[in-house]
Amino acid sequence: MRNTTRTLLANVLIHPTATACTARLVTLGIVACAVLFGASAAAQSSATRSVKEGVYSAKQAERGGSLYGEKCTSCHAARMWGSDWTERSVWDIYDTINSFMPQDSPGSLSPQETRDIVAYILKTNKIPSGASELPDSAEALKQIRIELP
């Protein structure tokens with residue numbers, strides 16, 4: 001790739017009649033390299049965590065259990081999620097619950113109540129708790145992937 005860039009640059013300097021077309025190609029190549037490098041750096045900086053790393057606290061799951069019993073069991077009972085949630089993010093569960101639950105009053109849960117219920121769901125699926133509660137930002141929740149034990 002370096003030789004191609006050098007050749008293109010040399011053509012710009014040596015053949016002024018081809019300058020405009022070649023300059024566009026060189027600019028396009030430089031932009032493409034910058035975009036690819038930027039995408040690679042962004043992917044490395046947005047490393048994901050697993051729910052298995054203890055992403056919620058036991059106290060949070062306890063609060064979520066009370067809320068789940070009060071607002072969710074009439075529809076969900078024991079089944080909270082199945083294999084269809086694996087490899088998704090905690091944000092996906094959070095957003096679904098926050099937007100569509102409970103069925104008789106969608107969107108009525110506060111963000112904290114929603115995170116507490118998510119913590120309880122993680123607990124009941126045998127995901128270990130940790131020292132801190134689920135983060136409150138969407139971006140942080142998107143970085144936590146769901147894996148079953």
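The following dialogue explains how to read several features of this predicted model.

Me: Which conventions apply to the numbering and to the values?

Reply: Residues are numbered from 1 along each chain as its sequence is written. The model is predicted, with local features requiring pLDDT of at least 70 and side-chain atom pairs pLDDT 80 or more, while totals for chains, interfaces and linings use all residues; side-chain values use heavy atoms, without hydrogens and water.

Me: In what order do the elements of the chain run?

Reply: Helices (H or I, at least four residues) and strands (E, at least two) are DSSP runs, numbered from the N terminus. Here the chain contains seven helices and two strands, in the order α-α-β-α-α-α-α-α-β.

Me: Is Ser89 buried or exposed, and which residues does Ser89 touch?

Reply: Buried means under 20% relative accessible area, exposed over 50%, and partly exposed in between (1.4 Å probe, protein chains only). Ser89, in the loop between helix 4 (73-76) and helix 5 (90-100), counts as buried because its relative accessibility is 10%. Leaving aside residues up to four places away in sequence, Ser89 touches Leu141, Lys142, Ile144, Arg145 and Ile146.

Me: What is the phi of Glu87, and what is the phi of Lys126?

Reply: Most residues other than glycine have a negative phi, and most peptide bonds are trans. Glu87 has a positive phi near 70°, and Lys126 has a positive phi of about 65°. Glu87 lies in the loop between helix 4 and helix 5 and is exposed, because its relative accessible area is 58%. Lys126, in the loop between helix 6 and helix 7 (138-142), is exposed at 66% relative accessibility.

Me: Which residues does a cis peptide bond join?

Reply: The cis bond joins Met101 and Pro102, with omega about -15°. Pro102 is in the loop between helix 5 and helix 6.

Key. Contact = heavy atoms within 4.5 Å.
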